[in-house]
Amino acid sequence: MSVNSYKNQPDERGHFGPYGGRYVAETLMPLILEVEKTYNEAKADPAFWAQLETLQRDYVGRPSPLYYAKSATETLGGAKIYLKRDELNHTGAHKINHCLGQILVARRMGKTRIICETGAGQHGVATATVCALFDLPCTVFMGAKDIERQKPNVFRMKLLGAEVISVESGSRSLKDAINEALRDWVTNVHDTYYLIGTVNGPHPFPMMVRDFQSIIGTETREQIMKKEGRLPDTLVACIGGGSNAMGLFHPFLDDPEVRMIGVEAAGLGVNTDKHAASLAGGRPGVMHGMNSYFLQNEDGQIQEAHSISAGLDYPGIGPEHAWLFDQRRVDYVAVTDDEALEAFQFLSKTEGIIPALESSHALAHIMKIAPTLPKDHIIVMNLSGRGDKDIFTIAEKLGVKI
Amino acid sequence: MSRIEATFKALNRPALITFIMAGDPDVQTSMDVLKALPDAGADIIELGMPFSDPMADGPTIQLAGQRALKAGANMHRTLQMVRNFRAENTQTPLVLMGYYNPILQYGVEKFMNEAAEAGVDGLIIVDLPPEEASEAQTLAKAKGLDIIRLLTPTTTEERLPKILEGASGFLYYVSITGVTGAAQADLNKIKPHIEQIKTHTDLPIAIGFGIKTPADAAEMAAVGDAIVVGSSIVQTIAEGQSAGAVSQQVSALAKAIA
């Protein structure tokens, strides 16, 4: 099936083809409809965007640079590699983009308490940051397993005034943190806004988070036109839930000459039971308020994901990616823990940039394809986060004591 | 007349609805408890379909689902439990309650056919609001299965028609904003809302979430056509007590609303 435009999804009920929708407990339905209404009003209000743009510029430091990674390009000896430097944003990752947008929506709704989930802690830090900025109490749900491997971010959230709740249920990871956040939201629906950290959950969250993240792709488009006078040949981004990838890809979806590659986490390998590649190893189902691809057994029980990167350690994916996968508009590949680890060290040494383990997955795929491509082939990778938070994980993997 | 309708018609008091998780802590124990419930005083039975990620459930029901799954529960076995139950009991309505994904993976049409054939009377699918329910609803109706809809304290009068459209059997009033097993609702708060809902529908209204003791049951029975007790029964099972202990607990609840 071909479509006229890949950019006019979702439909008014939040469906991206068969995916998306609103699969939530009835208690949440009225609130979710209100989030949608408020967001639609905000979207049409120039004052909303003016406030957001000012914050993006003066608080976050946007636009983030588009950097020609000359040394990495020459070392790999093929395609020309550009890095979209979203790791230079305030708080060190792309998550701040949708946090600022959503906190303005929450304030517009008159909500007085913010909750969120976090995996690597980047979304938790960004949420805690915007809550500090707007003086709203913030509760972060984080899997006990992730708290252990992301200690610096846990401390950062606490410094910012957030309460961090350790989630012990289920696999003690991102999926369970989302369950706990949903349970809190059902309980405190009257005053609480759930600031969802990726392009998933019930409508309108996948669309709204994508819209706020699209600034990545919009800036990239302008910047590459200035530097190269043409659009890039290939875009590459890592995917957990898929927010940074959606942000980079969306403004280019209707440019057929631009190839897009989303990189899932293959953990120990997609043929093992320890990976987080929902598209490569999962199938359509319903969880966390949406229809999308999930890792699950025959009986529809959701399986634990595994990735060295806490931010990709999620057994699902945003519904728009599921749709783009079916449409074959975006190619999806998977990269293992070891490949990501190698890419992490490669960028640190060749460019003096320590990438997040999440973003290292995107780079690992570029390391595979760049040498096979001609020198005039332009690749843009979204460097979605910085790797300072990951040094303990890396040290342990490399057998180094800090 | 459906079993659910007949049950409500025959009773001149509020009905007692009891929830257990299918296969918790194992199929045999769960089957023993299930078979004993009607004699103990349960008028309608809710049988939980285990799911790995039950987002509307508190810790007690979460753990019940995990125990069941660990012991090998799956949809096929849940339906087999219903068949075994129906082999001995043709009167007591049985409603399956759970989340959509296990139904979706089983195959929605196959599930509806087999559930009806096994002797299921109705379905409560927690994460399937009316907006997403059309396929499941059409297939359920074709097999005579009731779709039991949830109403909550956040349900506005404006939203009511959407929820009531296609609802049958009874309505499940979630008396608190929260998860299963939480604190009990304030009767004075929910009473006006239930009275308002009653002006829009003739379906019986069951009140659930947070009802644990016979005293809680008696209080809530004053405003509802039925009360649902789940977490406190599941807790008894969690403590490793016998089917007999569960029966005693259910009897005490039944007496309190007689």
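Hi everyone. Let me start with helix α3(B), which gives the most to the lining of the second largest cavity, with three residues. Keep in mind that this is a predicted model.

Let me stay with that cavity for a moment. The volume of the second largest cavity is about 270 Å³, and 28 residues line it. If you want to find its centre on your screens, look for Phe19(B), Asp57(B), Ile61(B), Met97(B) and Thr180(B), which lie nearest to it. Besides α3 (59–70), the elements of chain B that give two or more residues to this lining include the strands β1 (15–21), β2 (44–48), β3 (94–98) and β9 (226–229), along with the helix α11 (231–238). By class, the lining of the second largest cavity has 15 nonpolar, 10 polar and three charged residues.

Now, how many cavities of 30 Å³ or more does a search of the whole structure find? The search finds nine.

On to the largest cavity, then, which holds about 310 Å³ of space. Its lining is made up of 30 residues, and those nearest the centre are His94(A), Lys95(A), Gly197(A), Gly311(A) and Glu358(A). In chain A, β5 (113–118), α5 (122–133), α8 (174–187) and α11 (243–249) each supply at least two lining residues. Sorted by class, the lining of the largest cavity contains 17 polar, nine nonpolar and four charged residues.

And where does the largest cavity sit relative to the domains of chain A? It lies between domain 1 (15–56 + 94–209) and domain 2 (63–92 + 214–397), because both give residues to its lining.

Thanks, everyone, and I'm happy to take questions.

Technical notes
Residues numbered from 1 in each chain as written. Chains lettered and ligands numbered in written order. Predicted model: local features only at pLDDT ≥ 70, side-chain atom pairs only at ≥ 80, totals over all residues. Heavy atoms only, no water. 1 Å grid on protein atoms, 1.4 Å probe; cavity = no way out; pocket = protein on both sides within 12 Å on 5 of 7 lines; lining within 4 Å. Points joined across faces, edges and corners; volume = space filled by probe spheres on them. Helix = DSSP H or I, 4+ residues; strand = E, 2+ residues; numbered from the N terminus. Nonpolar A, V, L, I, M, F, W, Y, C, P; charged D, E, K, R; others polar. Domains from an automatic or database assignment.
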